[in-house]
Amino acid sequence: MGFREHAARVRRILGIVLAVLLLGGVAAVLVTGGDKDTGTATKTVRGVIGSEKAEFFADPQVVKALAAKGFTVGTETSGSWDMEERPLDGYDFVFPSSKGPADELRAKAQAASKDKALPAPLRPFYSPLVVVAHSAAAQILAGNGLATLGPRGTSGTLKMDAYLAAARADRTWQQLKGSAGHTELSGTLFITSTDPVASSSGALYLAAASYVADGGRVAGDKAAVTRTAPLLRKLVQVQGAQQSGSDAPFRDFVSGVGNPLVLVYESQVASQLLAGRPMGDLVVLYPDTTVNSDHTLVPLTENGRALGELLSTDPELRKLAVRHGFRPQGAASEFTAATDGHTAYLNQTLTGVRQAPVPTSKVLHEMALRARDQGDTA
Amino acid sequence: MRTRAWARTASALALALLATACSGGGGDDRPVDHGTEFEAGTLRVLASSELADMGPILDEAAKATGITVRPTYAGTLDAVERIASGEADKAYDAVWLSSNDYLRLRPDTAKKITNETPVMTSPVALGVRPATVARLGWDPAKVTWSQLHRAVADGKLTYGMTDPKRSNSGFSALVSVASGLSGAQSALTEQDVTRATPRLKEFFTGQKLTSGSSGWLATAYARRTDVDALVNYESVLLSAPGKLTVIRPSDGVVTADYPLTLLTSARPEAKEAAGRLTTWLRTPDAQRRITETTLRRPVVAGVRPASALARDPRRELPFPGSRAVADGLLDAYDNTLRRPSRTVYVLDTSGSMGGERLERLKSALAELTGDFRDREEVTLMPFGSSVKQDEVRTHTVDPASPKVALDAIRADARKLSASGGTAIYSSLQEAYAFLGRAPDDTFTSVVLMTDGENTDGDPAAAFDTFYRSLPAEQQRTPVFPILFGDSDRGELDHLASLTGGKLFDATRGSLDGAFEEIRGYQ
């Protein structure tokens with residue numbers, strides 16, 4: 001015992017000594033090197049982003065384009081709804097994947113900054129939610145009236161009504177025609193999403209499902225949430241543990257492990273296509289009712305706002321956003337022109353895809369909590 | 001009953017932490033703990049032990065990115081506990097576990113992690129000796145969990161597996177087999193586990209080896225000709241020295257996806273460094289090197305898995321979504337499903353143990369009682385110049401009233417007193433005689449705690465002769481010696497390797513920590 005305490009004390013003392021030395025070092029740099037930096041005026045901004053935008057910010061060309069405009073951007077990822085849980089001191093912006101968490105984050109930041117009015121959020125680009133499927137799974141869905149496939153069989157439409165009916169009935173893959181011989185397709189049919197309590201795409205999945213299940217009505221109150229709660233609970237509980245960001249389930253899919261149906265952003269698929277990566281047996285299914293995810297930058301500082309402005313307006317950065325599969329707000333031509341070679345996978349004009357309106361973040365959050373059994377069960 | 005598992009594990013792990021925070025290398029296979037002060041250009045990573053095989057790739061990463069990874073290896077649950085307690089924040093920038101599924105069941109960890117970036121995948125599978133596969137007439141691509149269960153129940157298959165409470169591969173295997181045998185069509189529920197209990201019990205009669213770490217499991221397996229198979233990650237099984245046929249059961253597997261994950265508390269420089277590292281690890285070239293070198297599966301489109309990896313797809317079994325189900329499963333494993341343990345604690349209470357040392361032993365034993373499982377048989381065998389026969393006590397934890405045995409063990413521990421010389425080897429022989437011919441349905445082991453060198457009774461050489469003359473089944477009982485006080489590392493190391501045990505060092509850590517760590521092997 002004695003030894004343990006002694007060692008801990010020594011480590012603590014060492015830590016303090018090192019911290020003092022480090023601080024001294026930083027101070028020395030500030031004093032001696034301060035004058036070198038005055039010419040360039042590089043703005044270093046830090047932000048918390050949804051995981052699906054990590055590769056965009058890590059892209060050397062994006063880094064270069066931002067540097068040309070005087071920005072160095074540091075990012076870390078988090079589930080969009082989880083961002084609220086984090087202390088935001090020291091960050092210049094947060095960049096969740098949809099409006100709901102953005103509104104909440106803005107309110108939180110506004111409350112913290114008291115009198116000073118924060119700049120408005122910016123929505124530089126968006127991306128619809130799609131389902132990626134392995135080809136065998138997509139064929140079986142099509143053979144059972146749950147999906148339709150395009151001529152090449154690499155993209156199609158997921159019929160949400162039929163899918164939700166199957167979910168309600170606990171339909172298994174084994175019960176579907178054509179599944180014999182595919183041992184990997186067994187167990188309850190379900191789409192893997194992220195944790196709706198933590199992450200935007202998982203919550204938007206529930207928004208789309210509840211809209212369809214409630215006859216095209218947007219949930220506006222507790223009664224509406226209660227009406228669809230049993231179905232939404234089913235959609236979530238069947239999945240077991242869920243990830244908190246959309247990157248991981250997509251990577252599992254690409255790796256050939258994980259569930260054969262995964263909810264992702266169109267941008268995650270489009271960026272792979274635009275990078276010239278072989279897509280293997282991947283099929284993109286656009287749900288006939290889906291939600292467009294408006295990636296929303298909430299500025300916390302003036303530099304954060306300037307970055308959001310730049311992402312929205314700078315032609316080079318818009319072009320790079322497209323290369324990462326996002327659809328810039330405004331004219332659709334930038335996205336359609338860039339993805340012209342990939343129409344076998346992408347539905348450029350979102351033909352036949354209806355946009356489900358998203359409930360308020362309070363209602364959406366309630367939906368998510370009930371689906372995960374974390375809310376009140378009344 | 002259900003909450004007991006986690007409470008025990010949590011307190012026990014806290015102790016293990018203290019042990020590992022100070023211990024370094026030596027006879028135990030735990031590498032030196034690097035978690036100390038932050039240093040520019042390095043990333044301090046708390047990592048799963050099997051990631052040691054990433055060494056060559058991380059060397060290349062250092063050349064390409066200028067970022068050096070300094071790993072500290074830990075079991076999954078140990079790591080989760082360190083993150084939840086805030087301990088990890090002080091010493092590390094990132095964690096790199098086989099999976100974060102375990103971590104996610106703890107809501108208190110959500111705020112502590114960020115940037116979960118999966119780097120590669122590997123399913124938990126069975127590696128079976130080719131002769132066994134031939135004997136059973138199996139097509140490895142088509143074997144199901146039910147067939148595996150049948151083979152075990154018929155006495156035709158035995159295997160080794162890590163402790164699900166300490167290691168992700170063991171827990172993943174437990175989830176897989178519970179899903180497979182319950183016929184669950186989606187994420188496991190408590191009812192599924194209950195339904196599958198009789199068949200799971202049969203399945204776990206085939207588990208002949210348990211271990212707190214996958215490294216020791218492989219070593220122990222190599223000694224044993226009577227164990228047919230090993231449960232581990234596909235990558236580990238394919239890299240094992242003796243050739244194993246890898247069976248990914250066709251009705252489903254649980255796959256590890258190795259997310260490199262930042263601690264929220266890490267400083268911005270470390271976060272930026274981790275970003276550069278993961279970007280590099282996700283390049284097609286790095287992914288190719290990873291799959292060729294470590295036999296894990298790439299996560300980047302267009303990179304082909306190494307040719308040794310089978311391409312036929314498998315159903316991914318959902319990981320339990322709630323802590324209640326996960327805890328219930330672990331509790332069932334410990335207290336109902338697994339073969340119970342019979343353990344003899346051979347405890348040095350010679351004169352030199354008097355005073356503070358004896359007090360430490362008593363308090364360590366008292367702590368340990370919180371960790372004994374239902375149906376477990378525990379014998380305290382104190383010795384001085386010989387075994388103190390009138391103090392030898394055996395208690396079995398009765399599932400109906402576990403407290404009775406645990407209280408009795410605590411009371412016995414309190415009564416220990418220091419006197420006499422140190423008869424290590426004669427006492428060990430008595431422990432073997434006590435355990436006798438191990439009945440097939442228990443895990444037997446001997447824990448030896450001594451603070452000095454042998455002064456009385458038989459010399460070391462006599463024990464070697466004794467041990468070698470034992471029947472084969474009895475030789476399978478390992479001795480886990482604990483280095484403590486002035487005991488001789490060389491002699492204890494020899495005992496561990498002679499009997500297929502493992503040395504634990506309490507001279508640099510705590511005695512409680514060593515006792516707790518051994519639990520994974522009992």
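1. Start with where the two chains meet: 45 residues of chain B and 43 residues of chain A take part in the contact. Keep in mind while you look that this is a predicted model.

2. What does chain B bring to its side? The elements that give two or more residues there are helix 1 (2-22), helix 5 (101-104), strand 4 (113-118), strand 5 (120-128), strand 11 (259-263), helix 12 (268-281) and strand 12 (297-298) of chain B. Sorted by class, the side of chain B that touches chain A holds 17 nonpolar, 14 polar and 14 charged residues.

3. Now take chain A by itself. Its domain assignment lists domain 1 (40-125 + 294-342) and domain 2 (127-293 + 345-371). Where they touch, domain 1 of chain A puts in 30 residues and domain 2 of chain A puts in 31 residues.

4. Over to chain B, where the assignment gives domain 1 (34-118 + 259-295), domain 2 (122-255 + 314-333) and domain 3 (340-519). The centres of domain 2 of chain B and domain 3 of chain B, again over C-alpha atoms, are separated by 30 Å. Their contact takes six residues from domain 2 of chain B and five residues from domain 3 of chain B.

5. On the domain 2 side of that contact in chain B, helix 10 (residues 214-223) of chain B supplies the largest share, three residues. The residues on this side of domain 2 of chain B split into two nonpolar, three polar and one charged.

6. Why does B:G66 count as partly exposed? Because 13 other C-beta atoms lie within 10 Å of B:G66, while a residue with 12 or fewer would be exposed and one with 20 or more would be buried. Look for B:T42 too: B:G66 and B:T42 are 24 residues apart along the chain, and their C-alpha atoms are separated by 8.4 Å.

Technical notes: Residues numbered from 1 in each chain as written. Chains lettered and ligands numbered in written order. Predicted model: local features only at pLDDT ≥ 70, side-chain atom pairs only at ≥ 80, totals over all residues. Contact = placed C-beta atoms within 7 Å. Helix = DSSP H or I, 4+ residues; strand = E, 2+ residues; numbered from the N terminus. Nonpolar A, V, L, I, M, F, W, Y, C, P; charged D, E, K, R; others polar. Domains from an automatic or database assignment.
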